[in-house]
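Grab a pencil and keep the viewer open. Try each exercise on your own before you read its solution.

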Amino acid sequence: MNYFNLFSNVFITKGVRRILINDLQRNELELFPLEFNNIIEDLNEKSIEDTINLYDTESQEFVKGYISILLDKEYGFITKNNWDKNFPPLSYQFYTPNTITNAYLEIDNINTLSKVNQSLSNLGTEYIVIHYNNLLGISDIKFIEQIFKNSSVISIEIISQYKEFHNELFFEIIEDFCERIYSFSFYDCNKTPFKVKDKYKFTISFVNEKINKNSCGKVDLRYFNTNTPKVLEAINYNSCLHKKIGIDINGNIKNCPAMCKSYGNIKDTTLEKALAHPDFKKYWNLTKDEIEVCKDCEFRYICTDCRAYTERTHTNAEGLDISKPLKCGYNPYTGEWQEWSTNPLKEKAIKYYGMEELVKKN
């Protein structure tokens, strides 16, 4: 007897209409019909020969075709023995020792970082986004690199408004002392000022539209995470808010700067004290499997959830908002993508969040 063995790094998410096969090692995704999942489940329990014989003569050719796809895509391999005892499945547990893994800091004064850098390090924060609502100069970048030099922070993304002095010479100068900053995103840029080359050790992007807190939460194929840590985190925890902390432009400490609830202000509260608030972690364990519509979606473990902007249609027994993210235009029941902002069913929520002007631009 021949047995098909699915590689442990191949993760399958079953949706209401389709399945998503995620090759975690290669960071590759592919969609297949729901019936493919039934065949894979049969192969998990039975030999290839017995699986084929489960179907009538006409359907057997389709089954053989699906088995060929599994082998051609290198999703697994064939053995002469049942695989259970020799090839244990991948563990889907997720753990990080950090109290906080990532932070989103919206600031207009670079010295604000001096108030939180020690707390971020105390909490073990490794990744931060700095949304700088001011003119980002060379001295600001030097300050950012210096203040986090001996901290737990190892990776920094900077978002700021574009100005004409953000040219090639600017980036050539800062490259000499950029160690932790890996990404720059500039908004309000009418056209790309120069052709970004691969020579820099950080990425640079220029966008025309303005980036602000209302930009948060858009669901798009371009933003999906297919790497193993992010997928495992999404299986076990909320894919956006788990071990995350945010500071808005006024210094309020939140789960995310776009959310309403504040747990203090950096003027008189430390990040550690805000984190100790009994409600701060309430959304950390809310997975996509508990969110309406998302729980039936094949993309749910690679999509970043948003609790800042939702359709505001459902709450659970604990009072948590379990509504579908407002800025998602995908319908797992039809398998179709549509522009979320033109959906009449979202009009009430759009008005609640004051996004009418944003929607008009879209």
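Buried means under 20% relative accessible area, exposed means over 50%, and partly exposed is anything in between, with a 1.4 Å probe and protein chains only. This is a predicted model, where local features need pLDDT of at least 70 and side-chain atom pairs count only at pLDDT 80 or more, while totals for chains, interfaces and linings use all residues. Residues are numbered from 1 along each chain as its sequence is written, and side-chain values use heavy atoms, with hydrogens and water left out.

**Exercise 1. Sort four loop residues: is each of His-166, Tyr-92, Lys-191 and Glu-74 buried, partly exposed or exposed?**

Step 1: start with His-166. Its place is the loop between β8 (155-161) and α6 (168-174). Helices (H or I, at least four residues) and strands (E, at least two) are DSSP runs, numbered from the N terminus. The relative accessible area of His-166 is 0%, so this residue is buried.

Step 2: look at who surrounds it. Contact means heavy atoms within 4.5 Å. Skipping neighbours within four places in sequence, His-166 is in contact with Leu-136, Gln-161, Phe-171, Phe-186, Pro-193, Phe-194 and Phe-206.

Step 3: go to Tyr-92, in the loop between β5 (76-79) and β6 (102-107). With 35% relative accessible area, Tyr-92 is partly exposed.

Step 4: now Lys-191, in the loop between β9 (181-187) and β10 (203-206). Its relative accessible area is 68%, so Lys-191 is exposed.

Step 5: finish with Glu-74, in the loop between α3 and β5. At 43% relative accessibility, Glu-74 is partly exposed. While you're there, check its backbone: phi is near 60°, a positive value in a residue other than glycine.

**Exercise 2. Which residues does Tyr-92 touch, not counting residues up to four places away in sequence?**

Step 1: list the partners. They are Phe-11, Leu-232, Ile-235 and Asn-236.

Step 2: pick Leu-232 and compare sequence with space. Tyr-92 and Leu-232 are 140 residues apart in sequence, yet their C-alpha atoms are 5.9 Å apart.

Step 3: zoom out to the whole protein. Among contacts with a separation of 6 or more, 64% join residues 24 or more positions apart.

**Exercise 3. How do the axes of α1 and α3 cross?**

Step 1: Two packed helices are described by the angle between their axes and the distance between the axes. Axes are lines fitted to C-alpha atoms, for helices over the stretch in contact, and angles run from 0 to 180 degrees between N-to-C directions.

Step 2: read off the values. The axes of α1 (residues 34-45) and α3 (residues 57-72) come within 11 Å and cross at roughly 80°.

Step 3: Under 35 degrees counts as roughly parallel, over 145 as roughly antiparallel, 65 to 115 as roughly perpendicular, and the rest as oblique. So α1 is roughly perpendicular to α3.

Step 4: name the residues that meet. From α1 come Glu-35, Phe-36, Ile-39, Ile-40 and Leu-43, and from α3 come Val-63, Tyr-66, Ile-67, Ile-69 and Leu-70.

Step 5: sort them by class. Ala, Val, Leu, Ile, Met, Phe, Trp, Tyr, Cys and Pro count as nonpolar, Asp, Glu, Lys and Arg as charged, and the others, Gly among them, as polar. This contact has nine nonpolar residues, no polar ones and one charged.
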